[in-house]
Amino acid sequence: MSDPAWATFTDEQLLEVRMCDLGVTIEHTDIEARVAQLNTELDARGLTFRPHYWLADEWFTPDGVPGIAIPFYLAHSRLQKLEFAQMLEVEGADPAEGLRILRHEAGHAIDNAYALRRRPTRRRLFGNPAIEYPEYYTPKPYSKRFVQHLDHWYAQSHPDEDFAETFAVWLDPSSMWASRYAGWPARRKLDYMDRLMRELARARPRVTSKRQVDPLHRLKKTLGEHYRKKREHYGLDHPDFYDSDLLNLFSNSQEYAKNPSAARFVRKIRREVRSTVASFTDSYQYTIDQLIERIIDRCRELNLRLAESEEATKTDFMVFLTVQTMNYLHSGRHRVAL
């Protein structure tokens with residue numbers, strides 16, 4: 001299939017394109033293979049239910065709809081490059097990660113298809129699904145009341161997300177959930193999920209709507225408008241770092257006036273440390289990058305310079321950034337955006 005005209009656009013030109021004018025579809029893309037794999041896993045569990053799919057601006061499953069919205073950028077490599085340039089990562093592009101997200105969304109879809117929120121045991125184990133979704137949530141990383149599937153301890157964000165995450169772990173053929181979660185309170189949820197899905201295996205869904213919410217072809221906003229809002233949503237909320245910590249790492253003494261500036265050094269290692277600390281702390285790269293940007297600004301304001309070798313300073317800076325991120329993560333100030 002021939003590429004659309006915008007495939008050769010610069011980022012600046014592409015950001016001016018309306019989302020409804022992209023013209024991409026799920027057919028003939030890698031998305032098809034991942035959907036087929038999900039269907040194979042559902043079939044292996046004896047489930048006849050199949051979600052329907054459409055392209056939208058992000059991953060989501062609307063309330064009451066037994067279907068899954070998939071982000072538009074997964075439908076074309078040029079759009080994935082733009083996503084990376086704007087957000088520093090491409091959620092779901094990796095096949096394994098994409099399958100994890102699809103399993104999660106399938107949990108929402110089957111929840112909707114069989115109206116499972118009404119079941120008393122489901123409500124008792126997972127909580128009241130009617131409570132309002134928070135804009136942000138503060139996770140407890142070491143809690144054993146929740147399964148661990150998607151990043152950022154997502155099961156802790158809302159009872160519906162807890163249900164979807166538990167379903168995803170149950171569905172994943174490599175999760176070994178019976179042994180991995182032995183002794184955890186979360187195991188009770190998994191045992192319930194196993195009984196519930198066996199009950200539904202051959203049952204016909206109560207909701208069969210093929211409705212699509214905010215499909216790509218109806219979105220009039222430009223890609224630039226989309227990303228401005230997305231970056232604002234996943235931004236960093238007033239991080240704390242202290243001048244004393246930066247002065248321990250670098251120096252503003254005349255003794256080191258001819259050494260490389262700290263701001264330039266941090267810019268040089270920015271991409272490497274951002275990726276490493278994100279994997280250590282299970283945080284968004286975009287959030288950490290904003291923290292690094294503010295550190296660079298403060299280093300410039302304090303006129304800081306390297307006092308040790310670059311290699312030693314890089315190691316120390318990595319520790320500093322990890323500690324700053326984890327302190328933020330475990331404080332009441334840390335919030336993961338939904």
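Two strands pair if DSSP finds at least two bridges between them. In this predicted model, strand E1 (residues 52-56) and strand E2 pair in the parallel sense over five bridges, and Trp54 stands opposite Ala69 in E2.

- Strand E2 spans residues 67-71, and five of its five residues are buried.
- In a regular strand the side chains alternate between the two faces of the sheet.
- On one side of E2 are Gly67, Ala69 and Pro71, and on the other are Ile68 and Ile70.
- Both faces of E2 are covered, as the residues on either side are all buried.

**The nonpolar cores**
- In soluble globular proteins, nonpolar side chains tend to be buried together.
- The largest nonpolar core here has 64 residues.
- Ile70, Phe167, Met197 and Leu223 have the most contacts inside this core.
- Helix H8 gives the most to the core, with seven residues.
- Another core, of 24 residues, lies apart from the largest one and includes Leu249, Val273, Ala278 and Cys299.
- Leaving aside neighbours within four places in sequence, Phe167 is in contact with Leu42, Leu47, Arg103, Ala106, Gly107, Ile110, Met193 and Met197.

**Helix H8**
- H8 has 15 residues and reaches 21 Å from its first C-alpha to its last.
- This reach is close to the 21 Å expected at 1.5 Å a residue.
- An α-helix has 3.6 residues a turn, so residues three or four places apart point the same way.
- The buried residues of H8 are Ala186, Lys189, Leu190, Tyr192, Met193, Asp194, Leu196, Met197 and Leu200.
- These buried residues pack against four helices: H4 (95-113), H5 (120-126), H6 (159-171) and H7 (177-180).

**Two loop residues with positive phi**
- Asp214 lies in the loop between helix H8 (186-200) and helix H9 (223-233).
- The phi of Asp214 is near 50°, a positive value in a residue other than glycine.
- Asn303 is found in the loop between helix H12 (285-301) and helix H13 (310-330).
- Asn303 is not a glycine either, and its phi is positive, at about 55°.
- With 48% relative accessibility, Asn303 counts as partly exposed.

Definitions and conventions:
Residues numbered from 1 in each chain as written. Predicted model: local features only at pLDDT ≥ 70, side-chain atom pairs only at ≥ 80, totals over all residues. Heavy atoms only, no water. Buried < 20%, exposed > 50% of the residue type's maximum accessible area, 1.4 Å probe, protein only. Core = buried A, V, L, I, M, F, W, Y, C linked by side-chain atoms within 4.5 Å. Contact = heavy atoms within 4.5 Å. Expected span 1.5 Å × (residues − 1).
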